[in-house]
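Subject: Structure handover

Hello,

Here is the structure I promised to pass on. Please open it first, then read my notes below.

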Amino acid sequence: MGTATPVARAEAVGESPAVAFLGRLWRWLWPSNTELAPVNEAEVPVLTLMDRVRKFLWLSSGLFSAAAFAVPAIGVMVYGTFEGGGTSFLAAVVSACLFGVTTLLNFGPDEA
């Protein structure tokens, strides 16, 4: 049992759905210049060298720990064995601890 609801469409009459989709996709990917914010109003974050190092430590430790957990998990799923996964697991735990410390010290972004 289902109901049919009329859908309002802005496409031209007789236009195929594929062409209408491509048109909407084009407008979404490349909006007209009137929809973009002026360059003068855009805020440019000022990052010193130490700010960049702090954010790099935060981001790299988080990504490394995620990858170090994922690689042995994929090995278990594909090969069915956890051989050699102990070292990767230890590295992941150490990296996750570093990620936690850098997060507590507010090395990450101020706004998420």
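A helix here is a DSSP run of H or I with at least four residues, and helices are numbered from the N terminus. Helix 2 is followed by Gly-80, whose phi is positive, near 75 degrees. Please keep in mind that this is a predicted model.

**Overall**

The protein chain has three helices and zero strands. From the N terminus on, its elements run α-α-α. The chain has 112 residues, and 12% of them count as buried. It exposes about 9,700 Å². Carbon and sulfur atoms supply 69% of that area. Take the contacts with a separation of 6 or more: residues 24 or more positions apart account for 68% of them.

**Helix 2**

Helix 2 covers residues 49-79. Its 31 residues should span 45 Å at 1.5 Å a residue. The end C-alpha atoms are 44 Å apart, which agrees. Its buried residues are Ser-61, Gly-62, Ser-65, Ala-68, Pro-72 and Gly-75. What covers them includes helix 3.

**Helix 3**

Helix 3 takes in residues 85-104. It has 20 residues and reaches 28 Å from its first C-alpha to its last, close to the 28 Å expected at 1.5 Å a residue. Which residues of helix 3 are buried? They are Gly-85, Ala-92, Ser-95 and Thr-102. Seen down the axis of helix 3, these buried residues fall within an arc of 105 degrees, so they line one face of the helix. As background, an α-helix has 3.6 residues a turn, so residues three or four places apart point the same way.

What do the buried residues of helix 3 pack against? The partner is helix 2. The face turned away from the buried side of helix 3 carries the exposed residues Thr-87, Leu-90, Val-94 and Leu-104. After helix 3 comes Asn-106, with a positive phi near 60 degrees.

Start with Thr-102. Is Thr-102 buried or exposed? Its relative accessible area is 4%, and buried means under 20%, so Thr-102 is buried. Its side chain reaches the backbone oxygen of Phe-99 at 2.9 Å. Leaving out residues up to four places away in sequence, Thr-102 touches Trp-58, Ser-61, Phe-107 and Gly-108. One of these, Ser-61, is itself a buried residue of helix 2.

Next, Ser-88, which also lies in helix 3. With residues up to four places away in sequence not counted, Ser-88 touches Ala-68 and Pro-72. Ala-68 and Pro-72 are among the buried residues of helix 2.

**Aromatic pairs**

Rings of Phe, Tyr and Trp pair if their centres lie within 6.5 Å. By this rule the count comes to three aromatic pairs. One to look at is Trp-26 with Trp-30: the ring centres are 4.5 Å apart and the planes are at 45 degrees, so the pair is tilted. How accessible are the two residues? Exposed means over 50% relative accessible area. Trp-26 has 55% relative accessibility, so Trp-26 counts as exposed. Trp-30 has a relative accessible area of 51% and is exposed too.

Over to you.

Best wishes

Key:
Residues numbered from 1 in each chain as written. Predicted model: local features only at pLDDT ≥ 70, side-chain atom pairs only at ≥ 80, totals over all residues. Heavy atoms only, no water. Helix = DSSP H or I, 4+ residues; strand = E, 2+ residues; numbered from the N terminus. Buried < 20%, exposed > 50% of the residue type's maximum accessible area, 1.4 Å probe, protein only. Polar contact = N/O pair within 3.5 Å; in protein donor to acceptor, adjacent residues only side chain to side chain. Contact = heavy atoms within 4.5 Å. Expected span 1.5 Å × (residues − 1). Arc of directions from axis to C-beta. Areas by Shrake-Rupley, 256 points an atom, 1.4 Å probe, with all protein chains shown as cover. Phe/Tyr/Trp six-rings, centres within 6.5 Å; stacked < 30°, edge-to-face > 60°.
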